[in-house]
Amino acid sequence: MTDSRQADKFVIRLPGGMRDRIGAAAVAQHTSMNSVIIRALESYLDGQEHQKILLEALSEKLERLEEA
């Protein structure tokens with residue numbers, strides 16, 4: 001576990017109502033708002049990487065089909 005005093009910090013501006021939504025999710029999950037945000041960011045970034053892999057595979061398949 002990272003010591004919060006040594007962890008990277010990043011200040012963001014949230015659109016209206018977003019803080020309340022994050023707070024409600026944190027309460028429902030019995031965790032902190034920070035944890036909810038970190039999980040959401042990890043999920044998004046993992047999804048982006050997965051999408052990149054799928055697009056590269058699709059591109060390779062299309063190239064093979066075009067060569068055939």
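Colleague: Which side chains meet in a salt bridge?

Modeller: This is a predicted model, in which local features need pLDDT of at least 70 and side-chain atom pairs count only at pLDDT 80 or more, while totals for chains, interfaces and linings use all residues. Residues are numbered from 1 along each chain as its sequence is written, and side-chain values use heavy atoms, with hydrogens and water left out. A salt bridge is taken as a side-chain nitrogen of Lys or Arg within 4 Å of a carboxyl oxygen of Asp or Glu, and the structure holds 1 of them. At 3.8 Å, N to O, the side chains that meet are those of Glu60 and Arg64.

Colleague: How many residues apart are Glu60 and Arg64 in helix 2?

Modeller: Helices here are DSSP runs (H or I, at least four residues), numbered from the N terminus, as are strands (E, at least two). Glu60 and Arg64 are separated by about one helical turn, because their spacing in helix 2 is 4 residues.

Colleague: Is Leu65 buried or exposed?

Modeller: Leu65 lies in helix 2, which covers residues 33-67. Buried means under 20% relative accessible area, exposed over 50%, and partly exposed in between, with a 1.4 Å probe and protein chains only. Since the relative accessible area of Leu65 is 63%, this residue is exposed.

Colleague: Where is His30, and what is its phi?

Modeller: His30 sits in the loop between helix 1 and helix 2, and with a relative accessible area of 76% it is exposed. Most residues other than glycine have a negative phi. His30, which is not glycine, has a positive phi, near 55°.

Colleague: How far apart in space are Gly16 and Glu66?

Modeller: Gly16 is in the segment before helix 1 (18-29), and its relative accessibility of 83% makes it exposed. Gly16 and Glu66 are 50 residues apart in sequence, and their distance in space, C-alpha to C-alpha, is 49 Å.
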